[in-house]
Amino acid sequence: MPQKTIYKTICQYSKLPIAARDMGRLQEIAKDCRKVKNYVYERYGGVGGFAKIYPGYTVQNEMTKSGLREKLGLPAVYFYLSIFDALGDIKSQWTRTKKQIEKNIRANENLTPEDRHYLRFIMKQSNCFEAVLTGGEISLTGEWEIRYRAVCGEVDAHRLEQYLRRQVRRHLVRPHTDTADGFSVSPKGYRYADHGIYLSMKESRKRLFILLTDNNRYTRQIYIRLYPEEGRVTINVPVEVKQKHPPGYEGEMGLAMGLKCMFVTDQGRTYGEKYLEYQSALTDYVRERLTRHGRNAKSNPGMKKYSAGKARLERALHDYVNVEINRLLETEKPGTIYIPKLPALSKAGINRRANATVSMWQKGFVKSRLIQKCWERSVELVEVFGKGISSRCSGCGEEGQRENEEFFCASCRLKLPERQNTARNVLQRGRALREEKDAQRNS
């Protein structure tokens, strides 16, 4: 099989406590990087900046001429990375805005199919989208001009463009950050030596040495995360690793994902049985401390202790998720895993504690870690249509009954744990999807 590479983030740690003066110098860089980001957010995060953020060199040139770097005294290795980090956030915000607008277009019953087609065409063509946002004239050439004339000939283009501008104004949020807990560094801004790392400082030709717990050396962009209360830093390094092809990974497996238990396989084996305990501990901590903070907001000294406690519980939850996913893959050794597309979160309808636990369910993190670890082991992960997947009988396909986490089918008399029945349905839908794709390729 061809070798593929994937990126994963590894961490390096400072070995000795960092002096308060040196930590202050690092915090000053982080604060200046925050100022640069907020400057870019404010200047280019709105509709007027849309034409300049792709690919971003226009912003880079304008920021160079702005004089902000000289005013802050910030080295170029930090200044320009902060600009492009901010541009990445702005682009992400535009992506989220477009997704929300597309969702509203689908849900708007007053729009005809031709209206929807026109709006989608405009949003997918950057030149058209930019012209609509700025009130300019749409200018296309060649085949695209012919297509544009075809889609706008059947609709009221002026009305739809006004609708699109209103949607953008309603959903576009200009980014802003108040945090200054770290900063990115390009390879020119650091040097590994003496079992540590030398970082460029704001003082000319000065570098700060940080002793590390390992002697690994990298030549790529890194991120310095600061922990001033503890007097330490961590270095996040994105590394490119080859995708592994461990022996024995074969066959297909259906997985049911849940809150009480992370995963149940189509064979009924469970992984992450204690997930709810970790999630509930985090939820209870947040509910209790935030309520207490709200009652004493005026006299409360701050949120540092709360944030530290929350971070500790989140780390424990995340560590448990990683361990259980590793155990799942190493035990089952699947070649292909099928999982259902999970619906949006809804209230549990039992009590406030249960509702809070459901709303804080970190299913996105669980799924992202499963995707990452499957990639590392060359395991194929496939999502299948999830509607009605837990109410269907995996034996005969009829509607069944669910009670006390058990599934019973009156038609074929099948009786199984509810999550196992779901996992079997996932496996069946996954195999049907694969067969359909194979048939399309062969036809």
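A residue counts as buried when its relative accessible area is under 20%, as exposed over 50%, and as partly exposed in between (1.4 Å probe, protein chains only). Asp115 is buried because its relative accessibility is 5%. This is a predicted model, where local features need pLDDT of at least 70, side-chain atom pairs count only at pLDDT 80 or more, and totals for chains, interfaces and linings use all residues. Residues are numbered from 1 along each chain as its sequence is written, and side-chain values use heavy atoms, leaving out hydrogens and water.

**Asp115 and its helix**
- Asp115 sits in helix α5, residues 113-124 (helices are DSSP runs of H or I, at least four residues; strands are runs of E, at least two).
- Asp115 touches Asn110, Val155, Arg159 and Leu160, leaving aside residues up to four places away in sequence (contact means heavy atoms within 4.5 Å).

**Helices α5 and α8**
- The axes of α5 and α8 (residues 157-171) come within 11 Å and cross at roughly 60°.
- α5 and α8 are therefore oblique to each other (under 35 degrees is roughly parallel, over 145 roughly antiparallel, 65 to 115 roughly perpendicular, the rest oblique).
- On the α5 side, the contact includes Asp115 and Tyr118; on the α8 side, it includes Arg159 and Leu160.

**The sheet**
- An open sheet holds 3 strands in the order β13-β14-β15, with antiparallel pairing (a pair needs at least two DSSP bridges).
- The edge strands, β13 (401-403) and β15 (415-417), each pair on one side only.
- β13 pairs with β14 (residues 406-408) over 3 bridges.
- Gln401 stands opposite Phe408 in β14.

How values were computed. Axes are lines fitted to C-alpha atoms, for helices over the stretch in contact, and angles run from 0 to 180 degrees between N-to-C directions.
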